[in-house]
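The sequence and structure are shown first.

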Amino acid sequence: MAMRPLWSLLLWEALLPITVTGAQVLSKVGGSVLLVAARPPGFQVREAIWRSLWPSEELLATFFRGSLETLYHSRFLGRAQLHSNLSLELGPLESGDSGNFSVLMVDTRGQTWTQTLQLKVYDAVPRPVVQVFIAVGGDAQPPKTCQVFLSCWAPNISEITYSWRRETTMDFGMEPHSLFTDGQLLSVSLGPGDRGVAYSCIVSNPVSWDLATVTPWDSCHHEAAPGKASYKDVLLVAVPVSLLLMLVTLFSAWHWGPCSGKKKKDVRADRVGPETENPLVQDLP
């Protein structure tokens, strides 16, 4: 590798006027990205150099005298490929590969052209988790309806958006609903005609998306099944019994506490009595 052309190219960048353009490129972890070296019409490249500017400044690839070189010590060593059109391909990408990159090109007349690009690497969105919560019915709730809250969550992902979609072949208008907490929670009022209606939570970021689908009516139980108690009946029995056991425990601790202390005191007195009758020091004959 010739060092003189490289130093001369860097001097071109420092001394001559440079035309700078900027663009943003998006990709995801595990994929690859192509950083295109765009140049004006009629610009015949004689030399070129690709660099990483941020988070660290590193030399990635060069083009000198018709030779392509990418074997430079950088975090992209073994993951960079310079194509014949001087576009740089990076991959497979890692989560820490986001940053700013630049390509400096010099044509046969000595004019320079610099292009800067911002690469942003995102994690692939995993399948979200949807939970169904049923609101307790009240007098204000219409009969034969079920108030449902759908909660959607995607683990260990940042910069994502949530949206909901009603999965139905026939649309007679969306029933009353509302969204909370940036779209993660959906409130829906269902009726008997919504037994087969499904809802999908869609999680997405700029490069990927996924969804999970549930049928909320399956979780609605307006009446307890024959021979089984509803959760209200269970609470009516479990709560009083728990309170009664707690009161019995407190009463027992209060009643037996003084008695046990008195017994311990009597035992200690019995132990001390015989010992006082026998002196520890006896008179010598």
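The model is predicted. Taking a disulfide as a pair of cysteine sulfur atoms within 2.5 Å, the count comes to two disulfides. When the bonded cysteines of the protein chain are numbered in sequence order, they pair as 1-4, 2-3.

| Disulfide | S to S distance |
|---|---|
| Cys 146 to Cys 220 | 2.1 Å |
| Cys 152 to Cys 201 | 1.9 Å |

**Cys 146 and Cys 220.** This pair links distant parts of the chain, its cysteines lying 74 residues apart. Cys 146 belongs to strand E11 (residues 146–153), whereas Cys 220 is found in the loop between strand E16 (208–214) and helix H2 (231–277). The torsion about the S-S bond of Cys 146 and Cys 220 is about -85 degrees, and the disulfide is therefore left-handed. Buried means under 20% relative accessible area. Cys 146 has a relative accessibility of 3% and so counts as buried; Cys 220, with a relative accessible area of 9%, is buried.

**Cys 152 and Cys 201.** The link of Cys 152 and Cys 201 is left-handed, with -85 degrees about the S-S bond. Cys 152 lies in strand E11 and Cys 201 in strand E15 (residues 198–205), so the pair ties together parts that are 49 residues apart in sequence. With a relative accessible area of 1%, Cys 152 is buried. Cys 201 is buried, its relative accessible area being 0%.

Technical notes. Residues numbered from 1 in each chain as written. Predicted model: local features only at pLDDT ≥ 70, side-chain atom pairs only at ≥ 80, totals over all residues. Heavy atoms only, no water. Helix = DSSP H or I, 4+ residues; strand = E, 2+ residues; numbered from the N terminus. Buried < 20%, exposed > 50% of the residue type's maximum accessible area, 1.4 Å probe, protein only.
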